[in-house]
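Keep the structure in view while reading.

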Amino acid sequence: MTFNASGTQFYHLDGKKLPNVQFTSKDDPIPSGKTGNKGFLMSGTPMYTRLEFPYLNNFLMLGEIVKIQQAVLTICPTAHSYDTIPLPPKLNLFYHDPTSNNQGNAVTGGTSSSASVLTGNLDSNYPNYVFDITSFISEQMGKIGYSKWALSVSIPRDEQNTTLYRLVFGDQNYWYKNNESRDYQVQLRVTYVTYGGNNF
């Protein structure tokens, strides 16, 4: 019997199921502690990554009056995460309403109808994405519980189905858990002025 290389094929698939992060609903948030302290976005899917700022009210302890002058959010991709799959050319930043049980409905243009979606372009020299969120941080000062909003970042819809893009970035604990630079994480830089108290 002669072996016919062009007409005979054999495939062997051997797989091992690894532990996965599973939640009961697609609307359940997956905390970054379960994902290696990293956030993740990919084109082709309606994905959002939520950014929370739990310690903002600590600023209120710095003086009798605290005024936010500027708040700049920088999202930096982790090292080598874009070696084979390119970074998205821009990102959208939305307000996230924690009172909504549905992720899609939770992401809005802002706390009022006049609020707009922020867009950050990729700076290829660093690379990173920079957003001015001064108004958002000012609005959130002093708020607690369900009155405290978050931000959601996503790849814009007009980029979703054209090219494969991916963004991986670290949270505030990523740098020391992975022996990486602080450059590979989300950074919030706040400039403020205080009046009264011991820190004036």
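How many helices and strands does the secondary structure of the chain come to? The model is a predicted one, and in this model the chain has 4 helices and 10 strands. Read from the N terminus, the elements follow the order β-β-β-β-α-β-β-β-α-β-α-β-α-β.

**The chain as a whole**

The chain has 200 residues, and 34% of them count as buried. Its accessible surface is about 13,100 Å², with 50% belonging to carbon and sulfur atoms. Take the contacts between residues at least 6 apart in sequence: 80% of these join residues at least 24 apart.

**The nonpolar core**

The largest nonpolar core holds 27 residues. Within this core, L73, I75, L91, I133 and L151 have the most contacts. At least two core residues come from each of β3 (65–75), β4 (90–96), β7 (129–132), α2 (134–140), β8 (150–154) and β9 (166–170). Strand β3 gives the largest share, 5 residues.

What does I75 touch, leaving out residues up to four places away in sequence? Its partners are L51, L91, N128, Y129, F131, V153, L167 and F169.

**Aromatic pairs**

The count of aromatic pairs is 5. Y48 sits in the loop between β1 (38–42) and β2 (49–51), while F94 belongs to strand β4, so the pair ties together parts that are 46 residues apart in sequence.

F94 is buried, because its relative accessible area is 14%, and buried means under 20%.

Ring pairs also link F53, Y95, F136 and W149 into a cluster.

**A serine in a loop**

S43 is placed in the loop between β1 and β2. This serine is buried, with a relative accessible area of 7%. The table gives two contacts of its side chain.

| Side chain | Backbone atom reached | Distance |
|---|---|---|
| S43 | oxygen of T163 | 2.8 Å |
| S43 | nitrogen of Y165 | 2.8 Å |

Methods:
Residues numbered from 1 in each chain as written. Predicted model: local features only at pLDDT ≥ 70, side-chain atom pairs only at ≥ 80, totals over all residues. Heavy atoms only, no water. Core = buried A, V, L, I, M, F, W, Y, C linked by side-chain atoms within 4.5 Å. Buried < 20%, exposed > 50% of the residue type's maximum accessible area, 1.4 Å probe, protein only. Contact = heavy atoms within 4.5 Å. Phe/Tyr/Trp six-rings, centres within 6.5 Å; stacked < 30°, edge-to-face > 60°. Polar contact = N/O pair within 3.5 Å; in protein donor to acceptor, adjacent residues only side chain to side chain. Areas by Shrake-Rupley, 256 points an atom, 1.4 Å probe, with all protein chains shown as cover.
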